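Please keep the sequence and the structure in view while going through the points.

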Amino acid sequence: MRVLGNVINPGVVLRRMLRDESGATAIEYGLIAALIAVAAIAAFRLVGTNLSSIFNTVATDL
């Protein structure tokens with residue numbers, strides 16, 4: 001019964017979770033991907049706005 005008690009013991013489980021760093025790497029990669037996505041969206045919106053004004057100018061001149 002002692003072995004089963006160690007498996008279910010919340011203190012042991014908490015210590016194992018605090019030592020495990022594999023999830024931290026996945027979170028870091030997720031944050032980097034999110035930052036790249038936000039930068040890409042901002043760049044696309046800026047380019048889209050500039051292209052829209054250029055096309056409007058060309059259409060007006062025609």
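The points below take up confidence, fold and surface in turn.

1. This is a predicted model, in which local features need pLDDT of at least 70 and side-chain atom pairs count only at pLDDT 80 or more, while totals for chains, interfaces and linings use all residues. Residues are numbered from 1 along each chain as its sequence is written, and side-chain values use heavy atoms, with hydrogens and water left out.

2. The mean pLDDT (the predictor's confidence in each residue, from 0 to 100) of the protein chain is 81, and 87% of its residues reach 70 or more. Among the elements, helix H1 (residues 2–8) has the lowest mean, 55, whereas H3 has the highest, 88.

3. The protein chain has three helices and zero strands, where helices (H or I, at least four residues) and strands (E, at least two) are DSSP runs, numbered from the N terminus.

4. Of the 62 residues in the protein chain, 2% are buried, that is, under 20% relative accessible area with a 1.4 Å probe and protein chains only, whereas exposed means over 50% and partly exposed lies in between.

5. Is Phe 55 buried or exposed? Phe 55, which lies in helix H3 (residues 22–61), counts as exposed because its relative accessibility is 56%.
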